[in-house]
Amino acid sequence: MKRGFFGLEFIAALLAVVVASAVVGGALGAANLVRAGIEKARTEVAAGSPARLSEIAAHGQKLFAVNCSHCHADDATGDEGPDLHGLTKSDERIKGIITNGIKGEMPSFAKKLQEADKEALVSFLRSLR
Amino acid sequence: MELFLGANIWEMMHGGSTHLPIALMLVSAVFDALGGLIRSERVRDRFHAAGLFTLIAGTLGAFPAVLSGLILARWEIGGQGALFWHHVFLWPAFALLIGLSVWRLIVRGRRTRAGFLVYLLAAFLAAFLVSAAGFWGGEIVLGGS
């Protein structure tokens, strides 16, 4: 073995620190980026989570009480109009009926309800069991 | 496809690869220490060569271990409890493994006595750190059972 520490070994040590820092720092940074992306995706999914949907459905329930309960009963079990529990029609079909009504049976709500209102009503109807 | 998308492949990769740096870093440090004690130049060089090869193999094994570990931990680099302590020892151990490998590959046999002693201390520190990371990794899997 040679005497003296500085020189090649010192340069090698500097390079070792640089490479190790770059690799580990890169791994930590990449992990943080991926984790941040996952958290963002989770937040976006949570925006459409049951808690958010129930808020929309609650709005739909208010709209139902004002606009629909006369014919479909307060609990939507049906009166003059049919029972609305367990609907098998698609969301679009339900919104179409709300918009256009049914000739001789149900009035049109096209001028009274906006698209968001109709979606809220559908959410409420979907919440009925 | 299920194998690649599910957690099993990463558990298998982590379980399989994580023992490479743990075992090989320990063996590498011991080989180099023995090489430092032996007078015969021929045998000494062989011990140091074995120390270098086991160090490189252990460092290469650390990459799949770290990648699969990050995926299993859902990219958490800190965490809590056993995972936190696993990471406390893991990251410096990973850095040391890479740093020691780079140093050895550049210096090769042109090291000084002082440089070799500093290297040996760092190698045993890396062996301790990677073993401690392995211990806390075991606590994550088996702790509380």
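1. Averaged over chain A, pLDDT is 84, and 88% of the residues score at least 70. Where pLDDT is low, the predicted coordinates should not be read in detail.

2. A word on conventions before going further. This is a predicted model, in which local features need pLDDT of at least 70 and side-chain atom pairs count only at pLDDT 80 or more, while totals for chains, interfaces and linings use all residues. Residues are numbered from 1 along each chain as its sequence is written, and chains are lettered from A, and ligands numbered from 1, in the order in which they are written.

3. Let us take the make-up of the chains. Chain A has 5 helices and 0 strands, and its elements run α-α-α-α-α from the N terminus on. Chain B has 6 helices and 0 strands, in the order α-α-α-α-α-α from the N terminus. Helices (H or I, at least four residues) and strands (E, at least two) are DSSP runs, numbered from the N terminus.

4. How much of each chain is buried? Of the 129 residues in chain A, 16% are buried; for the 145 residues of chain B the figure is 37%. A residue is buried if 20 or more other C-beta atoms lie within 10 Å of its own, exposed if 12 or fewer, and partly exposed in between, with C-beta atoms placed from the backbone.

5. Contacts across the sequence are worth a look too. Two residues are in contact if their C-beta atoms, placed from the backbone, lie within 7 Å. In chain A, residues 24 or more positions apart account for 52% of the contacts with a separation of 6 or more. In chain B, 77% of the contacts between residues at least 6 apart in sequence join residues at least 24 apart.

6. Now the interface. Chain A gives 23 residues to the contact and chain B gives 22 residues. On the side of chain A that touches chain B there are 17 nonpolar, 2 polar and 4 charged residues. For these classes, Ala, Val, Leu, Ile, Met, Phe, Trp, Tyr, Cys and Pro count as nonpolar, Asp, Glu, Lys and Arg as charged, and the others, Gly among them, as polar.

7. Within chain A, H4(A) and H5(A) pack at an angle of about 120 degrees, with their axes 10 Å apart. That makes H4(A) oblique to H5(A), since angles under 35 degrees count as roughly parallel, over 145 as roughly antiparallel, 65 to 115 as roughly perpendicular and the rest as oblique. Axes are lines fitted to C-alpha atoms, for helices over the stretch in contact, and angles run from 0 to 180 degrees between N-to-C directions. The crossing of H4(A) and H5(A) is right-handed; a crossing is left-handed if the near helix is turned anticlockwise from the far one by less than a right angle, and right-handed if clockwise. Asp91(A), Ile94(A), Lys95(A), Ile98(A) and Thr99(A) of H4(A) meet Lys118(A), Leu121(A), Val122(A) and Leu125(A) of H5(A). By class, this contact holds 5 nonpolar, 1 polar and 3 charged residues.

8. In chain B, follow helix H3 (residues 19–37). The axes of H3(B) and H4(B) come within 8 Å and cross at roughly 160 degrees, so these two helices are roughly antiparallel. Their crossing is left-handed, and their contact has 13 nonpolar, 8 polar and 2 charged residues.

9. H3(B) also meets helix H6 (residues 113–142) of chain B, with axes that come within 9 Å and cross at roughly 155 degrees. H3(B) is therefore roughly antiparallel to H6(B), and the crossing is left-handed. Residues in this contact include Pro21(B), Met25(B) and Ala29(B) of H3(B) and Phe124(B), Ala127(B) and Ser131(B) of H6(B). By class there are 13 nonpolar, 4 polar and 1 charged residues.

10. His19(B) lies in helix H3 of chain B and counts as partly exposed, because it has 14 C-beta neighbours inside 10 Å. His19(B) and Ser131(B) are 112 residues apart in sequence and 9.4 Å apart in space, C-alpha to C-alpha.

11. Finally, two backbone angles to check. Most residues other than glycine have a negative phi. Ala76(A), in the loop between helix H3 (69–72) and helix H4 (91–100) of chain A, has a positive phi of about 65 degrees. Arg74(B), in the loop between helix H4 (41–72) and helix H5 (81–107) of chain B, has a positive phi of about 55 degrees. Which of these is buried, and which exposed? Ala76(A) is buried, with 21 other C-beta atoms within 10 Å, whereas Arg74(B) is exposed, with 11 C-beta neighbours inside 10 Å.

Terms used:
pLDDT = per-residue confidence, 0-100.
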